[in-house]
Amino acid sequence: MLFTSLPYFLLLAVVLVYLWRVKDVNAQKIGLVVASYFFYAQWDWRFVGLLFGLSAFTFVCCKKVRRGNDEKSRKAWVGIQVAGSLATLGYFKYANFFLQSAGSLLHSVGLRPGLLNIILPVGISFIVFEVISYTVDVYRGDTPYEESALDLFLLVAFFPHLIAGPIIKPKTFLPQLKIPTQITPSNLSSGAQLFLWGMMKKVLVADRVAPFADTIFNHPGSFGALTTWGAVVAYAIQIYGDFSGYTDMAIGSARMMGYEIPRNFNLPYFALNITDFWRRWHISLSSWLRDYLYFPLGGNRKGYARTYLNLAIVMLLGGLWHGASWNFVLWGGIHGSALALHKFCVDRKVFPPMPAPIARYLSWAITLIFVITVWVPFRSSSWDTTITIFRHMYTPTTTFTIHWMSNALLFAIPILFVADLGTTRWHEGRRLHLTRFRDQFAFCFCAIAVLVLSPPAASPFIYFQF
């Protein structure tokens, strides 16, 4: 059930009417849990039991953590929950990856293991990270243990963020469940605005440039440098429009219901360095990796060398989290190396002094080119595709023609700028006032543009596969 589909609009309308009519807080939460499980069942009803089971398992383990008699017992139950959750993720997402990777070694000793017939549950990575963060927060005392399983079940399954995040911090969301939510004109108006900006990014930007990027990545050896560069830029725009559009729609949906979900993107392609980029891109994942992986590894508290190693390890695992492929490991490894190198340069003050405007523009350009280039292994389906794309990007050529499908960029970039401007203003509190004719016209104009200019069929969100 895509956010851009009619069934989703009907589900959201039913939920809003239910929350408006029902005032009891527990009844509201029960209705939201039912709606969330119905939403998840539309992908594959067989995995509703998995969603329920992970939530119930986490509730039981956290109960043991909360009531443990000694520190050793409490740590043991945290370990059980984390191990169980990661084992679930590992089976569904990485079992075949490791079997394939070990295939050549096993063949040398006469073993020929086959692949498992596994269906990947949609959003499993986000679900696992959510339950782990709740467990660890309960152990640390950052989040009170919920005696009622209902709140935990809703935290995990809340349908706006269920499939592709943002990963919600329990301590920011659970307190919102203590009082009845209210459907107000203000929330409906502001939520609908952000939803519209996100929908513009998805259907008018990401879905429009996707055919161009797909064509070149599916046939990487058939095009020259200029076309290849255009396709890589198109993919950078596609993944940003697709993922940030999804999270805008998720935040907007939650706002209409009276709930707050944190911002997940903050103009990442305007970052001045790679560290700044990761403070702006997929903020909830960056925060999760920092709080639950980087800090436990020691962070920057154990010397310079350990700090650089921790950054590399975190990003390697972050790359593997995105998918069971060595391409994702390469992507994470490059970003981890870049973060470590930037941290090293900052620590050693190796950057030469330059006039501020020149330094800022140069830093921005280098960062943008780096980020766009490193999207290549993230998008590529194989090592061969990655190598071919890199070779065509950075090998001199006498051909300066560009594929006609690149015209999609001329259409998408201005719309992305408008939608990003609207999103940024929204998060700054500068929103449309739908009681004014000018703002009503702007809202209706954008809504009509989405209806008229959308592709015939919307494509699934990229991050649904993670």
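Modeller: Helices here are DSSP runs of H or I with at least four residues, strands are runs of E with at least two, and the elements are numbered from the N terminus. This is a predicted model, in which local features need pLDDT of at least 70 and side-chain atom pairs count only at pLDDT 80 or more, while totals for chains, interfaces and linings use all residues. Residues are numbered from 1 along each chain as its sequence is written, and side-chain values use heavy atoms, with hydrogens and water left out.

Let us begin with L267, which sits in the loop between α11 and α12 (274–280). Its phi is near 50 degrees, a positive value in a residue other than glycine. A residue is called buried under 20% relative accessible area, exposed over 50%, and partly exposed in between, using a 1.4 Å probe and protein chains only. With a relative accessibility of 22%, L267 therefore counts as partly exposed.

L267 also belongs to the lining of the largest cavity, together with K201, Y240, S244, D248, R263, F265, N266, D420, T423 and T424. A cavity is a set of points, on a 1 Å grid over the protein atoms alone, where a 1.4 Å probe fits but cannot get out, and lining residues have an atom within 4 Å of a point. Two elements, α11 (225–257) and α18 (407–427), each give two or more residues to this lining. The volume of the largest cavity, which is the space filled by probe spheres set on grid points joined across faces, edges and corners, comes to about 60 Å³. The search of the whole structure finds 3 cavities of 30 Å³ or more.

Helix α18 also holds N407, which is partly exposed at a relative accessible area of 48%. Although N407 and G230 are 177 residues apart along the chain, their C-alpha atoms are separated by 9.8 Å.

H282 lies in the loop between α12 and α13, and H282 is buried, with a relative accessible area of 0%. In helix α13 (residues 283–294) we find S287, which is buried as well, at 13%. S287 and K169 stand 118 residues apart in sequence, yet their C-alpha atoms are 9.5 Å apart in space. In the loop between α8 (159–162) and α9 (170–173) lies P166, and the peptide bond that leads from G165 to P166 is cis, with omega near 5 degrees.

Charged side chains are the next topic. A salt bridge is a side-chain nitrogen of Lys or Arg within 4 Å of a carboxyl oxygen of Asp or Glu, and by this rule the model has 19 of them. In one of these, D151 pairs with K29, with the closest N and O atoms 2.6 Å apart. Because D151 is in helix α7 (residues 149–157) and K29 is in helix α2 (residues 25–41), this pair ties together parts that are 122 residues apart in sequence. Both D151 and K29 are buried.

Another salt bridge joins R67 and E147, at 3.3 Å from N to O. R67 lies in helix α3 and E147 in the loop between α6 (124–140) and α7, so the pair links parts that are 80 residues apart in sequence. R67 is partly exposed at 49%, whereas E147 is exposed at 51%.

K343 is partly exposed at 27%, while D347 is buried at 18%.

Finally, helix α3 (residues 48–67) can be checked by its length. The expected span of a helix is 1.5 Å times one less than its number of residues, so the 20 residues of α3 should span 28 Å, and the end C-alpha atoms, 29 Å apart, agree with this. The buried residues of α3 include L50, L54, T58 and C62. An α-helix has 3.6 residues a turn, so residues three or four places apart point the same way.

Technical notes. On a 1 Å grid over the protein atoms alone, a cavity is a set of points where a 1.4 Å probe fits but cannot get out, and a pocket is an open set with protein on both sides within 12 Å along at least five of seven lines; lining residues have an atom within 4 Å of a point.
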